[in-house]
Amino acid sequence: LYNHHIPQRALNHRTPIQAMKDWQTTHPQLFIRQVRNHAGPDN
């Protein structure tokens with residue numbers, strides 16, 4: 001959960017999921033499946 005919801009400085013202050021979604025839109029031929037942001041537990 002930590003890496004999916006907390007922005008990372010190395011990714012220009014985006015979460016890894018946001019970076020993967022951006023990469024998928026620019027390079028769709030590299031992806032077999034759609035990148036999805038699954039919700040975490042509600043604690």
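Buried means under 20% relative accessible area, exposed means over 50%, and partly exposed is in between, with a 1.4 Å probe and protein chains only. This is a predicted model: local features need pLDDT of at least 70, side-chain atom pairs count only at pLDDT 80 or more, and totals for chains, interfaces and linings use all residues. Residues are numbered from 1 along each chain as its sequence is written, and side-chain values use heavy atoms, leaving out hydrogens and water.

**Stop 1: helix α2**

Select residues 16-26. This is helix α2. Helices are DSSP runs of H or I with at least four residues, strands are runs of E with at least two, and both are numbered from the N terminus. Colour I17, A19 and Q24: these are buried. Now look down the axis of α2. Its buried residues fall within an arc of 160°, so they line one face of the helix. That arc is taken from the directions from the helix axis to the C-beta atoms. Then turn to the face pointing away from the buried side. There you find the exposed residues T25 and T26.

**Stop 2: Q24**

Stay in α2 and select Q24. Its relative accessible area is 13%, so Q24 is buried. What does Q24 touch, not counting residues up to four places away in sequence? Show F31, R33, Q34 and V35. Contact here means heavy atoms within 4.5 Å.

**Stop 3: T15**

Step back to T15, in the loop between α1 (2-5) and α2. T15 is buried too, at 10% relative accessible area. Leave aside neighbours within four places in sequence, and T15 is in contact with H4, H5, I6 and P7.

**Stop 4: the salt bridge**

The structure holds one salt bridge. The term requires a side-chain nitrogen of Lys or Arg within 4 Å of a carboxyl oxygen of Asp or Glu. Select D22 and R14: their closest N and O atoms are 2.4 Å apart. Side chains of opposite charge can pair when their charged atoms come close.

**Stop 5: two positive phi values**

Most residues other than glycine have a negative phi. Select N12, in the loop between α1 and α2. Its phi is near 60°, a positive value. N12 is exposed, with 61% relative accessible area. Move on to H13, found in the loop between α1 and α2. Phi of H13 is also positive, near 60°. At 58% relative accessibility, H13 is exposed.
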